[in-house]
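Take a first look at the model below. A short walk through its parts follows.

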Amino acid sequence: MDTHSRSFAKALSWRVTGTIDTMIISLIITGSIKLAATIGLTEVVTKSLLYYFHERAWLKIPYGRKTAA
């Protein structure tokens, strides 16, 4: 079972990747570095928290797990 700190670290590393993607797409669409950064920084906070809680919830769901022999 993953610890809370491991789930949190996984959430952060994934969000860095996702935020860079969001900022690049936002920059291409808006042409504004400031707006792209604002969008990226906002979503990094909200999506990190959502991912953490999603990960913790899935740890409580036995679906797809193999039991130890």
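How many Å apart do the axes of H1 and H2 come, and at what angle do they cross? This is a predicted model, and in it the two axes come within 7 Å and cross at roughly 150°. H1 covers residues 4-30. H2 covers residues 33-59.

Now take the angle a step further. Angles over 145 degrees count as roughly antiparallel. H1 and H2 are therefore roughly antiparallel to each other. Their crossing is right-handed. Which kinds of residue make up the contact of H1 with H2? There are 14 nonpolar residues, 9 polar ones and 6 charged ones.

Is Ser26 buried or exposed? Its relative accessible area is 9%. Buried means under 20%, so Ser26 is buried. Which residues does Ser26 touch, once its neighbours within four places in sequence are set aside? Ser26 is in contact with Gly31, Ala36 and Ile39. Of these partners, Ala36 and Ile39 fall within the residue range 33-59 of H2.

The aromatic rings come next. A pair of aromatic rings is described by the distance of the centres and the angle of the planes. A search of the whole structure finds 2 such pairs. One of them joins Phe8 and Tyr52. Their ring centres are 6.4 Å apart, with 75° between the planes. That makes the pair edge-to-face. Where do the two partners sit? Phe8 lies in helix H1 and Tyr52 in helix H2. The pair therefore ties together parts that are 44 residues apart in sequence.

How accessible are these two residues? Phe8 has a relative accessibility of 43%, so Phe8 counts as partly exposed. Tyr52 has 17%, so Tyr52 counts as buried.

Tyr52 also takes part in another pair. Its partner there is Phe53. This pair is edge-to-face too, at 5.4 Å centre to centre and 75° between the planes. Is Phe53 buried or exposed? At 53% relative accessibility, Phe53 counts as exposed, because the cut-off for exposed is over 50%.

Ring pairs link Phe8, Tyr52 and Phe53 into a cluster. Tyr52 pairs with Phe8 and with Phe53.

Notes:
Residues numbered from 1 in each chain as written. Predicted model: local features only at pLDDT ≥ 70, side-chain atom pairs only at ≥ 80, totals over all residues. Heavy atoms only, no water. Helix = DSSP H or I, 4+ residues; strand = E, 2+ residues; numbered from the N terminus. Buried < 20%, exposed > 50% of the residue type's maximum accessible area, 1.4 Å probe, protein only. Contact = heavy atoms within 4.5 Å. Axes fitted to C-alpha atoms, helices over the stretch in contact; angles between N-to-C directions. Parallel < 35°, antiparallel > 145°, perpendicular 65-115°, else oblique. Left-handed = near helix turned anticlockwise from the far one by under 90°. Nonpolar A, V, L, I, M, F, W, Y, C, P; charged D, E, K, R; others polar. Phe/Tyr/Trp six-rings, centres within 6.5 Å; stacked < 30°, edge-to-face > 60°.
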